[in-house]
Amino acid sequence: MSADLSDLESAGAARIGGAATLEELRAVEAEVLGKRSALADMTQRLRELDGDERRKRGQEINEIRARLQAAADARRTEVEEAERSARLGAEGMDLTEVLPGHGRGHLHLVTQTQAELEDVFLGMGFLVAEGPEVESDWNNFEALNMPPAHPARGMWDTLYVRLNEPESTMLRTHTSPVQIRVMQSQPPPIYIVAPGRCYRRDTPDARHLPTFHQIEGLVVDHGITFGDLAGTIETFTTAYFGPAIHSRLRPSYFPFTEPSAEFEVTCAVCKGEGCRTCSQTGWIELGGCGMVDPNVFTAVGIDPEEWTGFAFGFGIDRCAQVRHGIPDMRVLTENDIRFLEQF
Ligand code: FA5
């Protein structure tokens, strides 16, 4: 019987190994391991044997069945993989295909705007820096002169991440934490811009999105003045918006700059007349700016007696809105092809 069993196993293994499709393998499995297989027949015939002999043969048959089942399982994985590769090859899409009348697609307006803004500042001698979107309380608030419970934290409706201590980790509410990261990682002089995504619990409206983009600027050097800040903003607006858009600085408050200002440009939708987009004011706020507060320098270990600097943070989506006269910013996230194709 041992010789029979060994023949049966090698024949079964050969049949399994030769199955080329899943369907074939199913049929072979039934034939080799199923209820009507020779193996099942031998199991039935165990009854004819007695005592020890029956136990010994029974064990042999079980071992052979287990080995053949393992071979069938392994073959199934191989055949499935081969069938999947063949199917993918046959169904493969040509993503480079260009249908008549359709372009190849292009960068989203916000991405284009970010690249253009980076170019303007690169042309002025700035470098581009980056920081993470998930930030620590220290970088997003505390080092920016806002200790815990500082009332100015309320200026930014914050989305927290459930990580570490409660409310210690958040989705950054602005790109200003990149200022902190840069000042901690390199000594002055510093001339950087940091574009990136920000998050706030803001209700979407014509000028607000809960997820939006800012571009931060930071300059730290000897003898930097508010005049340098105003000149930089003026150069940037003329380069990016052209001469038709007017800009103005108005006194404001940010805990990390002193003095601080808000930076506004004429509403491109109504040309300054007043409309729904600009809440009838004729002006749209682009961002905030000011001279780096000495407390921020102290927090990152830069001597405020030696160095001075300015910082600014503008909305990238707002820049796109103003430049292209987009009445409602929400279209930027709707992915309506009729809108996207215009840019
Ligand atoms: C700030 O975020 C400061 N960090 C800016 C700053 C940087 C001041 C450096 C001083 C020095 P504010 O919250 O005002 O400031 O936002 C700046 C700009 O980001 C706004 O003027 C607007 O253009 C854009 N912005 C803010 N919230 C939204 C929003 N929900 N949707 C779209 N754009 C927004």
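The axes of helix H5 (residues 109-123) and helix H8 (residues 226-241) come within 10 Å of each other and cross at roughly 130 degrees, where an axis is a line fitted to C-alpha atoms, for helices over the stretch in contact, and an angle runs from 0 to 180 degrees between N-to-C directions. That angle makes H5 oblique to H8, because angles under 35 degrees count as roughly parallel, over 145 as roughly antiparallel, 65 to 115 as roughly perpendicular and the rest as oblique. The model is a predicted one, in which local features need pLDDT of at least 70 and side-chain atom pairs count only at pLDDT 80 or more, while totals for chains, interfaces and linings use all residues. Residues are numbered from 1 along each chain as its sequence is written, and side-chain values use heavy atoms, with hydrogens and water left out.

On the H5 side the contact is made by Thr 113, Glu 116, Leu 117, Val 120 and Phe 121, and on the H8 side by Thr 232, Phe 236, Ala 239 and Tyr 240, contact meaning heavy atoms within 4.5 Å. Sorted by class, these residues are six nonpolar, two polar and one charged; Ala, Val, Leu, Ile, Met, Phe, Trp, Tyr, Cys and Pro count as nonpolar, Asp, Glu, Lys and Arg as charged, and the others, Gly among them, as polar.

**The whole chain**

The protein chain holds 11 helices and nine strands, helices being DSSP runs of H or I with at least four residues and strands runs of E with at least two, numbered from the N terminus. With a radius of gyration of 35 Å, well over the 20 Å that the globule rule gives for 343 residues, the chain is more spread out than a compact globule; this radius is taken over C-alpha atoms, and the rule is 2.2 Å times the number of residues to the power 0.38. Along its principal axes the C-alpha trace spans about 105 × 55 × 35 Å.

**The sheet**

Seven strands form an open sheet of mixed pairing, in the order E1-E4-E5-E9-E8-E7-E6, and two strands are said to pair if DSSP finds at least two bridges between them. At the edges are strand E1 (127-128) and strand E6 (247-254), each of which pairs on one side only. H5 packs on this sheet and touches E1, E4, E5 and E9, its direction making about 10 degrees with that of E5. H8 also packs on the sheet, where it touches E6, E7, E8 and E9, and its direction makes about 30 degrees with that of E9.

E6 and strand E7 (residues 257-266) pair in the antiparallel sense over seven bridges, and a hairpin of two residues joins E6 to E7.

Helix H4 (residues 51-91) meets two other helices, H3 and H2, and the table sets out the values for each pair.

| Helix pair | Axis distance | Angle |
|---|---|---|
| H3 (residues 38-45) and H4 | within 11 Å | roughly 160 degrees |
| H2 (residues 22-33) and H4 | 10 Å | about 175 degrees |

H2 is therefore roughly antiparallel to H4, and H3 and H4 are likewise roughly antiparallel to each other. The crossing of H3 and H4 is left-handed, and in this contact Leu 39, Ala 40, Met 42 and Thr 43 of H3 meet Ile 61, Ile 64, Arg 65 and Leu 68 of H4, a set that divides into six nonpolar, one polar and one charged. In the other pair, the H2 residues are Leu 22, Leu 25, Glu 29, Val 32 and Leu 33, and those they meet in H4 include Arg 65, Leu 68 and Gln 69; the residues of this contact divide into seven nonpolar, one polar and six charged.

**Backbone details**

The peptide bond from Pro 188 to Pro 189 is cis, with omega near 0 degrees, and Pro 189 lies in the loop between helix H7 (177-185) and E4. Another cis peptide bond, with omega near -5 degrees, runs from Glu 258 to Pro 259, and Pro 259 is placed in strand E7. Ser 279, although it is not a glycine, has a positive phi of about 50 degrees, and Ser 279 is found in the loop between E7 and E8.

Conventions:
A crossing is left-handed if the near helix is turned anticlockwise from the far one by less than a right angle, and right-handed if clockwise.
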